[in-house]
Amino acid sequence: MAWLFSKVTMRDDHNESEFFVSGFPREPDDLEGWTAYHEFLDEITEDTIVNIRAEAYLYGEGETVKATPEEVAYITLRDKNDPNFLSGHCDCIGESDFNLSWYPGELFGQDFVEL
């Protein structure tokens with residue numbers, strides 16, 4: 001079984017965050033529910049454009065399945081302990097770039113902009 005997961009990088013004019021998620025996000029809705037995504041947005045105090053890059057990986061062989069949250073936690077630990085984990089043990093299968101217009105003062109705070 002091959003786990004599908006992504007390394008996500010979020011940037012605005014002041015901050016950057018990297019974290020792992022399940023699957024291959026291609027729009028902001030795909031990141032809903034991931035703590036690191038919401039924590040990044042919670043720190044923004046002014047209207048801004050957030051640049052998001054997702055690099056999709058497979059870990060393992062055989063049938064592809066989305067990594068569970070527990071498997072993402074395992075991948076996060078492996079990556080933290082081995083700087084060559086992604087390049088040495090995983091296959092990069094694609095990248096996705098998109099933007100999020102973030103308005104912290106508005107009710108839902110976002111507009112999706114596809115690149």
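**Notes on the predicted model: contacts, charges and loops**

1. Let's start with aspartate 91, which contacts Ala56, Tyr57 and Leu58 once its neighbours within four places in sequence are set aside. Contact here means heavy atoms within 4.5 Å. Aspartate 91 sits in strand β5, residues 90-102. Strands are DSSP runs of E with at least two residues, helices are runs of H or I with at least four residues, and both are numbered from the N terminus. For distance along the fold, take asparagine 81: it is 10 residues from aspartate 91 along the chain, and their C-alpha atoms are separated by 18 Å.

2. A word on reading the numbers. This is a predicted model, in which local features need pLDDT of at least 70, side-chain atom pairs count only at pLDDT 80 or more, and totals for chains, interfaces and linings use all residues. Residues are numbered from 1 along each chain as its sequence is written, and side-chain values use heavy atoms, with hydrogens and water left out.

3. Now to the salt bridges, of which the structure holds five. A salt bridge is a side-chain nitrogen of Lys or Arg within 4 Å of a carboxyl oxygen of Asp or Glu. Side chains of opposite charge can pair when their charged atoms come close. Glutamate 18 has a relative accessible area of 47%, so it is partly exposed. The cut-offs are under 20% relative accessible area for buried, over 50% for exposed, and partly exposed in between (1.4 Å probe, protein chains only).

4. Arginine 11 and glutamate 16 make another salt bridge, with their closest N and O atoms 2.6 Å apart. Arginine 11 counts as partly exposed because its relative accessibility is 40%. Glutamate 16, at 46%, is partly exposed too.

5. Please also look at arginine 53 and aspartate 97, whose side chains meet in a salt bridge of 2.8 Å, N to O. Here again the pair links distant parts of the chain: arginine 53 is in strand β3 (residues 48-60) and aspartate 97 in strand β5, 44 residues apart. With a relative accessible area of 27%, arginine 53 is partly exposed, and aspartate 97 is partly exposed at 36%. Salt bridges with shared partners connect Arg53, Glu55, Glu95 and Asp97 in one network.

6. Next, the surface charge. Glu27, Asp29, Asp30 and Glu32 form a patch of negative charge on the surface. Patches are built from residues with over 30% relative accessible area and no salt bridge; like charges are joined within 9 Å, and nonpolar side chains (Val, Leu, Ile, Met, Phe, Trp, Tyr) within 5 Å. Asp and Glu count as negative and Lys and Arg as positive, while His and the chain ends are not counted. Each charge is placed at NZ of Lys, CZ of Arg, CG of Asp or CD of Glu. Glutamate 32, one of the patch members, lies in the loop between β2 (16-22) and α1 (35-42). Its relative accessibility of 40% is why glutamate 32 counts as partly exposed.

7. Beyond its neighbours within four places in sequence, glycine 23 is in contact with Leu4, Phe5, Ser6 and Lys66. Lysine 66 is 43 residues from glycine 23 in sequence, yet the C-alpha atoms are 5.1 Å apart.

8. Aspartate 82 lies in the loop between α2 (69-81) and α3 (85-89) and is partly exposed at 21% relative accessibility. Proline 104 is in the loop between β5 and β6 (110-114) and is partly exposed, with a relative accessible area of 30%. Not counting residues up to four places away in sequence, proline 104 touches Ile44, Thr45, Glu46 and Asp47.

Conventions:
Accessible areas come from the Shrake-Rupley method with a 1.4 Å probe; for residues, only the protein chains shown count as cover.
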